[in-house]
Amino acid sequence: MPKNINKKKNNKFSIRKLIYNDKYLIIISIVLALVIWVVTSINLSPQTTKTITVPVTVDLSGSVAEQLGLKSFGDDVIDVDVTISCKKYRAMDITADSLNVYLQTNVVTSNGNFDVPIRVEARENSDYTITSYYPTAYRAYFDVEDEKVMDIDINYINDNFIEDGYTMGQTLLSESTVTLKGPRSYVSQVTSVCADVNITEKLKETTSMDLILVALNSYGSEVDYITFDQGTENLTITIPVLKEMQLDVATGFIGKPSKVNTDNFNVSYSVNRVNAGVLEEANITQALIGNIDFSMLMPGENKFTFNTQSLDGVVILDDIDEIEVTITVPKDYKTKTISVNSSGVKIINAPEGYKVSVSDISSGKVTVVGTQSDLARLSNSNVNLVVDLSGVDADNIQEGISTYDITTTLEISESCWIYGNYTAKVNITKA
């Protein structure tokens, strides 16, 4: 027989050779055993249970409640614990995405409290069953949303928290009002918005703290379902703590000519000394009740009244609302009347693209105060009248005639001043 025929016979596949080949037989046995084990495990796998937490967003889209303008006042997201039964080998693969959980919102048809049924369904072609779930209903209040703005009231739980020798200044809230929101029927019940301040230690220095707001009804009970705008998350109160002192009353001067010596003026007060609270670190030595403008001073007695309820850095502790100040300008100061006219008024900072002109002034004369010798050297050429239009809103200019203040100054004299206030009528037209 030819050699190539023998070679073909040797290469021919033979089941008999495969069976009697130990190496191949071992591999086949392992594969068959694995297949049998997998099939058996699947068919004979025990049943098990698994609890899956499914977050459900409260959504009223497409419901009657949405058409009525109702909103849910409760949790925006609820967790539903669903227990399923399945083959043990499948338990790991079943997740929240395998379940269809939703609210049956068609039960909400008016405002009020509702128990909205929760529905849990298995996805199509699922190989597990749902045995139980909790909660079975979503309870919330449904109503039209409303809002209103209210002042914030502070309730001091302990009102004796200032150290002896100190006093509390005017407290400052980061926000004095708040916008509250909620169901209309509950918002209408709110009569006040309150924040409790509970300080248990004695204070000797200014303190700030965070506040928590509560909406209250007329009986002092908290109103449900009320929320506050975002700004209240950082709401704070600052409590100034002031050192109690006795201070001399004082006033200042503005617009004083450089060579006028106010030590020659007689200044008297209806109250010379007051009990006051001051910021200890501010080193305040006088109760400055205000400033007196030289344009308000004439020779002789000049009386001014100052309110003491809102002084910078000082709180008057005495029962005094006002202090009267009398300024007596010495007799060697005289007055002189100088004629002026509208053509002498200079306009500065006129708005670009507009023509401006002075049509009239409030008075054709100005009164100048000074010593006799200084007044003799002054004439109308020494009087400067200026209208500054820098305060005009360039984006909202009203054409026509408007009244503006005149700033008056004197040339060549450092010991005289102009008494009174003057205005000019300025005509503004498009260029």
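In which strand does Lys243 lie? Select Lys243 to begin: this residue lies in strand β17. Strands are DSSP runs of E with at least two residues, helices are runs of H or I with at least four residues, and both are numbered from the N terminus.

Before continuing, please note how the model is described. The structure is a predicted model, in which local features need pLDDT of at least 70 and side-chain atom pairs count only at pLDDT 80 or more, while totals for chains, interfaces and linings use all residues. Residues are numbered from 1 along each chain as its sequence is written, and side-chain values use heavy atoms, with hydrogens and water left out.

**Stop 1: Lys243**

Lys243 counts as partly exposed because its relative accessibility is 27%. Buried means under 20% relative accessible area, exposed means over 50%, and partly exposed is in between (1.4 Å probe, protein chains only). Now display the residues around Lys243. Setting aside residues up to four places away in sequence, Lys243 touches Gly165, Tyr166, Ala276, Gly277, Val278 and Glu280; contact means heavy atoms within 4.5 Å. Next, select Lys204: Lys204 and Lys243 are 39 residues apart in sequence, and their C-alpha atoms are 8.1 Å apart in space.

**Stop 2: the whole chain**

Zoom out to the protein chain, which holds six helices and 31 strands. Of its 431 residues, 33% count as buried. Consider the contacts between residues at least 6 apart in sequence: 76% of these join residues at least 24 apart. The chain exposes about 26600 Å², and carbon and sulfur atoms supply 47% of this area. Accessible areas come from the Shrake-Rupley method with a 1.4 Å probe, and for residues only the protein chains shown count as cover.

**Stop 3: Thr179**

Select Thr179 in strand β11, which covers residues 177–183. Is Thr179 buried or exposed? Thr179 counts as buried, because its relative accessibility is 18%. Beyond its neighbours within four places in sequence, Thr179 is in contact with Glu147, Lys148, Val149, Thr227, Phe228 and Asp229.

**Stop 4: the largest nonpolar core**

A nonpolar core is a set of buried Ala, Val, Leu, Ile, Met, Phe, Trp, Tyr and Cys residues joined through side-chain atoms within 4.5 Å. The largest one has 27 residues, and those touching the most other members are Phe265, Val274, Ile289, Leu297, Val314 and Trp417. At least two residues of this core come from each of β17 (241–254), β19 (273–278), β20 (286–293), β21 (300–307), β22 (314–316) and β23 (322–329). With four residues, β23 gives the most to this core. Select Val314 and show its surroundings: apart from neighbours within four places in sequence, Val314 is in contact with Leu247, Ala276, Gly277, Val278, Ile284, Gln286 and Ala287.

**Stop 5: two pockets**

On a 1 Å grid over the protein atoms alone, a pocket is an open set of points where a 1.4 Å probe fits, with protein on both sides within 12 Å along at least five of seven lines; lining residues have an atom within 4 Å of a point. Grid points are joined across faces, edges and corners, and a volume is the space filled by probe spheres set on the points.

The largest pocket has a volume of about 390 Å³. Of its 21 lining residues, Gly255, Thr408, Thr409, Trp417 and Ile418 lie nearest its centre. The elements giving two or more residues to this lining are β29 (400–410) and β30 (417–419), and β29 gives the most, with six residues.

Move to the second largest pocket, with a volume of about 320 Å³. Among the 16 residues that line this pocket, Gln170, Gln309, Leu311, Val314 and Val315 are the closest to its centre. The largest share of the lining, three residues, comes from β22.

**Stop 6: backbone details**

Most residues other than glycine have a negative phi, and most peptide bonds are trans. Select Tyr134 and Pro135, which are joined by a cis peptide bond with omega of about 0°. Pro135 is found in the loop between β6 (129–134) and β7 (137–143).

Next, select Asn283 in the loop between β19 and β20. Asn283 is not a glycine, yet its phi is positive, about 55°. Asn283 counts as exposed because its relative accessibility is 65%.

Finish at Asn349, in the loop between β25 (345–348) and β26 (354–361). Phi of Asn349 is also positive, near 60°. Asn349 is partly exposed, with a relative accessible area of 45%.
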